[in-house]
Amino acid sequence: MTKPEGAKFIAAKMAPSVDRMVPLLVALLFLCLGAEAVDRSNFKTCEQSSFCKRQRELKPGQSPYRALLDTLELSDSRITLQLINDNNKVRLLLELYRLHGNMTRVKINELKPLKPRYEVPDVLITDPPTEPMTLVAQDEHGLVLSLGVDEQRVIVSARPFRLDIVEGPTVLLSLNSRGLLTFEHLRLRKDTISHKITSTVGSMWDSIKSVFSSKHDADAEDGGGSENTEQAEDEDEQTVKEEEDKPGMWEETFKTHSDSKPNGPSSISLDFSFPRVDHVYGIPEHADTLKLKNTDGGDPYRLYNLDVFQYELHNLMALYGAVPVIISHNTERTMGIFWLNAAETWVDISSSTAGKTVFGKMMDFVQGSSEVPQTDVRWISESGIIDVFVMLGPTPNDVFAQYASLTGTQAFPSLSTLGYHQCRWNYNDQEDVKAVDEGFDKHDIPYDFIWLDIEHTDGKRYFTWDPHKFAQPKEMLQGLMDKRRKMVAIVDPHIKVDSGYKIHNEIRSKSFYVKTKDGADYEGWCWPGNSGYPDFTNPEMRAWWASKFAYDQYEGSMENLFTWNDMNEPSVFNGPEVTMHKDALHGSWEHRDVHNIYGLYVQRATSEGLIQRSGGVERPFVLARAIFAGSQRYGAVWTGDNAAEWGHLKISIPMCLSLGLVGISFCGADVGGFFKHPSTELLVRWYQAGAYQPFFRTHAHLDTPRREPWLFGPDNTALIREAIRQRYALLPFWYQLFYNAYRTGRPVMRALWVEYPKEPATFAIEDEYLLGKDLLVHPVTDEGAKGVTAYLPGKGEIWYDVHTFQKHKGAQNLYIPVTMSSIPVFQRGGSIISRKNRVRRSSACMENDPYTLYVALSPQATAEGEIYIDDFHTFNFQKERQFIHRRLHFSDNALSSSNLAPDSNFSTAAWIEKVIILGATQPTSISLIAEDGTKSAVEFDFDSAASVLTLRKPGVNAGADWTVLLQ
């Protein structure tokens, strides 16, 4: 949640207790922050960010960097090569790796930095395995390396330095083709004693060299100085030349905040070119279109985790999360770039037309002379090193697998977390929680989780309960457990500075807080008032934090209590851009180096705590707002503090699609909007959309009217109930999708082009999406809509309306009339989807209920699907291989279930209650062949008008082998 409006904030948030009075100055600060929409002046533009401004002043052209080919070293795992900046003579070290799985890694660092530069730890799940490269050719102009795959080569051009990855005659990707590589080397400040000594020695050396240079010049005029000239050039390359200081290099002020920059300028930049590419995606989080826009003439996309109050739509400003991954796509190939850097980062995107290019003899076959599209991407980061993973695809699924091999896959959630979550800021007390829980039962609406925001604590002291409003938390939790329901309580990563607060005292005594540049504990203002910020980059701090979730440490907690980490950007109300000062210290590293990874560490430590409290048995659930590459391993994310507006409903789709493309599948938006109050039409439409998005939670601001599903009249209650019931009926399908995401890295919620990569009509679609590859969803997101137009992809394919079973051809725009009860969803012909149509009050109550299989036949009268079952909440599926994973297959008038995991070991009481075959013809009889070979007749009905065949009570166990024959 973000800062609320005006005086209500002060009364509601800061005044609950007389012994915790907040100074008037702070109250006035928050009043100033309260507004109707984002105050852009609180956040930097590129022009106001000195390193971004400096880098952007550099225009494409001749790069000053050249490769020193005589420094080439080739080993089994990598090549190294020095680069030199001919302007300042600073040398860099280029490391090039060929990685297993069709990836290339490029690292560039200073050859001899003044001090170590930050390299991001803990994001890669392992040291990526390498494969050998071979040197194919080398001359004075460059060298050619073989990547060993499909004629793939890396061409390194020496002057200026440039790197091209080619496949046969085709250039796949170019680095530094626009000459925008920049590496601000660490240096001594000119007004320091150390610098004066160094510069004096340097001046003496320059004077000595000038004496000899005149002699060299004279020799050269006589024709005999070439050798000496080369020697002088070599000597000159060893001497770093001073550069003129520019504003913001050594200190920078934004509004009233000063950044001391003790290490001086340290920014880096590198450009990449994608020939024949018009569409690039990724770099979340932004409230913008799925396809990334051209940034020429405006600000770049910004990646810097920030607590943005009432964010604007279609704006490239930074939001809560930063995942530095871009994916390129055309009809021939999908590729990706992973820029592993945790500092503030800006990304420029320029779409242009690239003419024919020739790189020596290797490029003689570049196609034709006609102009082709090209997209150029430029990454700019404030500090760290250049560490880039080029994922060469060639298919979307290949890129997902490549990225997953680097940063891991989506954590496999428990089934209950895929149900419906009821949340607001705040439920008042235990009686309020009980009344809301009973309201769901009274109105026959299922739900799994009820949530508590910051007011449940004792004065915003996390890991505590308000002693008056939540005096018996275990009694409250037991009441939920009796109904097989759960709770989430918020634990934010800012700690009230209070000598009577045990958590604060322990952190301070262990010196686990982030420090100021002067070594004191860093403090800032957040919900509790004056707060300390634990240093989650410290593994000892993370281990301590995890231990606080133990049942004997977190008083009042039980096994059905889970956690929400909000404000983990980190949010500092009185800090620069509402976050932490960049010169704060995490051990020896500045906050500027680690900012974007801080939120990942918070979610990681909490997730590990929830796992440890159960002895490693139970799967955790942690929702976090600030994310980075790899956050998918630790839980769920939501799109932050949205508003009750139709535009925010619409934008939730591309925002979650973008996150899915970079590995983060467990995404959702606050249903109904966090700020403001939705109309009943908007609320109903948002429930209908949210029921078909991965994370399904309603949430609302403290100042908004209550909006439990039954408060909008019986007609709207019925519409909301039906949307939620559709979610619960599909839980077996959702669970299977998340299992496959965990195994493969493929997104649960997918852009259409992912499954139809050769169909350009899908490339920019963002108002509809696929769940897996088999369900297409087009939510109604326009006020007063009487119809929507959905694009059904796939020439030669067919799609079935899941509500009417009506059949439609693929590769067409289909107009669908809608009413308030309509949720346009289609099942792909050729798929089999499992549902549980006996919806109960929570997912746990449905675990052993029977399945209904929906078999949607392709034009070839075939279909394929899966069913996955385990205990739905422990790690036994992973540790003991206790699960059922079966293939469902229909062809030649036979439907069969076969085992996809013969070495697994699990049993279920669930059975197959019904089979519905769409696009069927009428059989004369149907028989079932059971696992033991016995044969029995199956009752059936046939709807000739709809071509729907219904098999009633086959009665087979969901984990068994069986075949149904249609005669």
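Which residue stands opposite Ile268 in S14? Phe183 does; the strand is taken up in point 2.

1. Basis of the note. This is a predicted model, in which local features need pLDDT of at least 70 and side-chain atom pairs count only at pLDDT 80 or more, while totals for chains, interfaces and linings use all residues. Residues are numbered from 1 along each chain as its sequence is written, and side-chain values use heavy atoms, with hydrogens and water left out.

2. Strand S14 covers residues 268–275; strands (E, at least two residues) and helices (H or I, at least four) are DSSP runs numbered from the N terminus. Two strands are said to pair if DSSP finds at least two bridges between them. S14 pairs in the antiparallel sense with S10 over two bridges, and Ser174 stands opposite Ser273 in S14. With S11 the pairing of S14 is also antiparallel, over two bridges. Strand S20 (residues 372–381) runs antiparallel to S14 and is joined to it by eight bridges; here Pro275 has Gln374 as its bridge partner.

3. Burial of S14. Eight of the eight residues of S14 are buried, where buried means under 20% relative accessible area, exposed over 50%, and partly exposed in between (1.4 Å probe, protein chains only). In a regular strand the side chains alternate between the two faces of the sheet. Ile268, Leu270, Phe272 and Phe274 lie on one side of S14, and Ser269, Asp271, Ser273 and Pro275 on the other; both faces are covered.

4. Arg178. This residue sits in the loop between strand S10 (170–175) and strand S11 (182–183). Arg178 has 22% relative accessibility and therefore counts as partly exposed. Leaving aside neighbours within four places in sequence, Arg178 is in contact (heavy atoms within 4.5 Å) with Pro60, Gly61, Asp271, Ser273 and Asp376. Arg178 and Asp271 are 93 residues apart along the chain, yet their C-alpha atoms are separated by 6.7 Å.

5. Disulfides. A search of the whole structure finds two disulfides, a disulfide being a pair of cysteine sulfur atoms within 2.5 Å. In one, the sulfur atoms of Cys46 and Cys52 are 2.0 Å apart. The torsion about this S-S bond is about -100 degrees, so the disulfide of Cys46 and Cys52 is left-handed. Cys46 is buried at 3% relative accessibility, and Cys52 is buried at 0%. The sulfur atoms of Cys656 and Cys667 are likewise 2.0 Å apart. Their S-S torsion is about -75 degrees, so this disulfide is left-handed. The pair links Cys656 in helix H12 with Cys667 in strand S33 (residues 667–668), eleven residues apart. Both Cys656 and Cys667 are buried.

6. Helices H12 and H13. Helix H12 (residues 646–661) packs on helix H13 (residues 680–690) at an angle of about 10 degrees, with the axes 10 Å apart. Axes are lines fitted to C-alpha atoms, for helices over the stretch in contact, and angles run from 0 to 180 degrees between N-to-C directions. H12 contributes Trp646, His648 and Leu649 to the contact, and H13 contributes Glu681, Leu682, Arg685, Trp686 and Ala689.

7. The six-stranded sheet. An open sheet of six strands has the order S36-S37-S38-S43-S40-S41, with antiparallel pairing. Strands S36 (749–750) and S41 (807–809) stand at the edges with a single partner strand each, so one side of each has no neighbour in the sheet.
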